[in-house]
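This report walks through one protein model. Look it over first, then read on.

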Amino acid sequence: MLTVFNRRELLTTVSMEEQNRVRDILAQNNIDYRIKTVNPSARSTWASSGRARMGSFGVDMDCAYQYYIYVHKKDYALAQSLI
């Protein structure tokens, strides 16, 4: 079971294609993984967001999301060598 206490960040990317490629490699090799998707331009509940004022004008939509891929600590070295 992969939890916040036993995981390690394998990769951070803004490319959906790269995220899909790595996810496929991990799945083919039976490595458990979790993906966290973050939209940095999304409105924050704690602070005023620039997007609220500007919208998405000038934002490259191919880079609008950040993908964090995590694997179990014991699988980290194998996963890193595979990607």
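Which residues form a nonpolar patch on the surface?

## The surface patch

The model is predicted. In this model, the nonpolar surface patch consists of L78, L82 and I83. Together the three residues have about 210 Å² of accessible area.

L78 lies in helix α3, which covers residues 76–82. Is L78 buried, partly exposed or exposed? Its relative accessibility is 44%, so L78 counts as partly exposed.

## Overall layout

The protein contains 3 helices and 3 strands. Along the sequence, they follow the pattern β-α-β-α-β-α. The protein has 83 residues, and 25% of them count as buried.

Strand β3 is mostly covered. Of its 7 residues, 6 are buried.

## The sheet

In what order do the strands stand in the sheet? The order is β1-β3-β2, in an open sheet of 3 strands with antiparallel pairing. The edges are held by β1 (7–13) and β2 (33–38). Each edge strand has a single partner, so one side of each has no neighbour in the sheet. From one strand to the next, the twist averages 25°. Strands of a sheet pair through backbone hydrogen bonds, and the pairing can be parallel or antiparallel.

Strand β3 spans residues 66–72. On one side, β1 and β3 run antiparallel and are joined by 6 bridges. R8 stands opposite V71 of β3. The pairing of β2 with β3 is also in the antiparallel sense, over 6 bridges. Here I35 stands opposite I69 of β3. V38 stands opposite Q66 of β3.

## Salt bridges

How many salt bridges does the structure hold? There are 3.

One of them joins the side chains of R21 and E18, at 3.0 Å from N to O. Both residues sit in helix α1 (residues 16–28). They are 3 residues apart there, so about one helical turn separates R21 from E18. R21 counts as partly exposed because its relative accessibility is 35%. E18 has a relative accessible area of 25%, so E18 is partly exposed too.

Another salt bridge links D32 with R34. Their closest N and O atoms are 2.9 Å apart. D32 has a relative accessible area of 33%, which means partly exposed. R34 is partly exposed as well, at 38%.

D75 and K74 also meet through their side chains, in a salt bridge of 3.3 Å from N to O. Is D75 buried or exposed? D75 is buried, because its relative accessible area is 14% and the cut-off for buried is under 20%. K74 is exposed, with a relative accessible area of 63%.

## A side-chain to backbone contact

T13 belongs to strand β1. What does the side chain of T13 reach? It reaches the backbone nitrogen of S15, at 3.1 Å. T13 has a relative accessibility of 11%, so T13 counts as buried.

## A positive phi in a loop

Most residues other than glycine have a negative phi. N30 is not a glycine, yet N30 has a positive phi of about 55°.

Where is N30 found? N30 lies in the loop between α1 and β2. N30 counts as exposed because its relative accessibility is 73%.

## Recap

The sheet runs β1-β3-β2 with antiparallel pairing. Its edge strands are β1 and β2. β3 is mostly covered. Salt bridges include R21 with E18 and D32 with R34. D75 with K74 is another. The nonpolar surface patch is made of L78, L82 and I83. N30 carries a positive phi in its loop.

Note on methods
Residues numbered from 1 in each chain as written. Predicted model: local features only at pLDDT ≥ 70, side-chain atom pairs only at ≥ 80, totals over all residues. Heavy atoms only, no water. Patch = residues over 30% accessible without salt bridge, like charges linked within 9 Å, V, L, I, M, F, W, Y side chains within 5 Å. Areas by Shrake-Rupley, 256 points an atom, 1.4 Å probe, with all protein chains shown as cover. Salt bridge = Lys/Arg side-chain N within 4 Å of Asp/Glu carboxyl O. Helix = DSSP H or I, 4+ residues; strand = E, 2+ residues; numbered from the N terminus. Buried < 20%, exposed > 50% of the residue type's maximum accessible area, 1.4 Å probe, protein only. Pairing = 2+ DSSP bridges. Axes fitted to C-alpha atoms, helices over the stretch in contact; angles between N-to-C directions. Polar contact = N/O pair within 3.5 Å; in protein donor to acceptor, adjacent residues only side chain to side chain.
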